[in-house]
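Reader: I am new to this structure and would like to understand the words used to describe it. Could you show it to me and then take my questions in turn?

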Amino acid sequence: MSELGDGTRCVHAGLPEPAPGQPFLPGPVFAAPYHLDPWQGPAGAANGYGRPDNPTRRLLEAAVGELEGGDCRIFASGQAAITGLLLTVLRPGDTVLLPADGYFPVRAFATDTLEPMGVRVVFVPTVGPYPTLEGVRLVLVETPANPGLDVVDVAALADLAHAAGALLAVDNTTATPLGQRPLDLGADLVVASGTKALTGHSDLLLGYVASRSAELIEAVTLWRNATGAVPGAFDAWLAHRSLATMDLRLGRQSANAEAVAALLAGRADVTGLRWPGRPEDPAYPVASTQMRRMPGVLSFDLGDADRVARFIDAARLVVAATSFGGLHTTADRRAQWGDDTSAGFVRLSCGVEDTADLVADIAAALDAAGPIN
């Protein structure tokens, strides 16, 4: 369906062929065991037991796979997906490169779990410089990075990794498959949290791994089935339902982010503004050519923790919450979660509110928060 527009692809992704009397998207299948063929056992049907087999989950995997351009396996959360990928690919003695400025729990997992099991972990900023990749098993990047929003040239990094015999995995959470398709750019694997903008309603946890390599997908599948890191049928159904509006949601979120970035850029009481869609942003030269659309997420600094709290308290349309990509505009002071950021660093996730309302509310809340101390 790649020749179709984003909205069309989102609405139709993963749906079964139309049949009279049947719903567009079949309802969730709740089952632990299924009836088995008395003679053939599990070989007699597609479903044998609920952990490896669920038709609702398979439809969602088909949908996300269509959007990412590869085969997909759904996990119970983004963290389950990324840790499952790391533990599937890496063995004692391997070397992995991880983003020094990426999602903090992944770095903590690397330090607490990968290193003690004998994996050499090297942390590299998203924009580099990258060391020689000789002897590296896996390079994982998050682009745009969370929360700093730096962007790396995926195609160039894929060439560098493959020349050294390494695999490249790209965390596509912030961009979504409508923002960029890393597999088209040469990545071997895509991993993402579907909790964020992919499903976008702040009501479920989800993750996935996608690849065009049958060998890698088989290994990921075996890991997921063995560890049981699968979502429930209702979460899978909710996620598939939510995909249909992703193009519409992202369109409004990106427009809101552009307008908010323009507002913040003109205020002396806001520093460190980052949004890859601004021509002035350091990420713009790569993002403008690599990405098909910009995310609804910005970052900036309000000086200190108290001023961030005053800003959020004064806002009517901005609420304090972690995560991003939902329908509601949220602000998250990342230092409170362990990110290596300043005390006043804010990640702002634009929702789908009317643009004029959101801009006016943020401007008024900044005024009410007072000047930088």
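Author: What follows is a conversation about how the terms apply to this protein.

This is a predicted model, in which local features need pLDDT of at least 70 and side-chain atom pairs count only at pLDDT 80 or more, while totals for chains, interfaces and linings use all residues. Residues are numbered from 1 along each chain as its sequence is written, and side-chain values use heavy atoms, with hydrogens and water left out.

Reader: How many helices and strands does the protein have, and what makes a run count as one?

Author: The protein has 12 helices and 12 strands, where helices (H or I, at least four residues) and strands (E, at least two) are DSSP runs numbered from the N terminus.

Reader: Why is the protein called as compact as a globular protein of that length?

Author: The radius of gyration is taken over C-alpha atoms, and the globule rule is 2.2 Å times the number of residues to the power 0.38. For 373 residues that rule gives 21 Å, and the radius of gyration of the protein is 21 Å, close to that value, so the protein is as compact as a globular protein of that length. Along its principal axes the C-alpha trace spans about 75 × 55 × 35 Å.

Reader: Why is Arg-73 called buried?

Author: Buried means under 20% relative accessible area, exposed over 50%, and partly exposed in between (1.4 Å probe, protein chains only). Arg-73 has 17% relative accessibility, and therefore counts as buried. This residue sits in strand β1, which covers residues 71–75, and buried residues make up 54% of the 373 residues in the protein.

Reader: What makes the pairing of Arg-73 and Asp-71 a polar contact?

Author: A polar contact is a pair of N or O atoms within 3.5 Å; within protein, one must be able to donate a hydrogen and the other to accept it, and residues adjacent in sequence count only if both atoms are side-chain atoms. The side chains of Arg-73 and Asp-71 are joined by such a contact at 3.2 Å. Contact in the wider sense means heavy atoms within 4.5 Å, and beyond its neighbours within four places in sequence Arg-73 has contacts that include Glu-61, Tyr-208 and Arg-224.

Reader: Is Asp-367 buried or exposed, and how do you know?

Author: Asp-367 has 53% relative accessibility, and so it counts as exposed.
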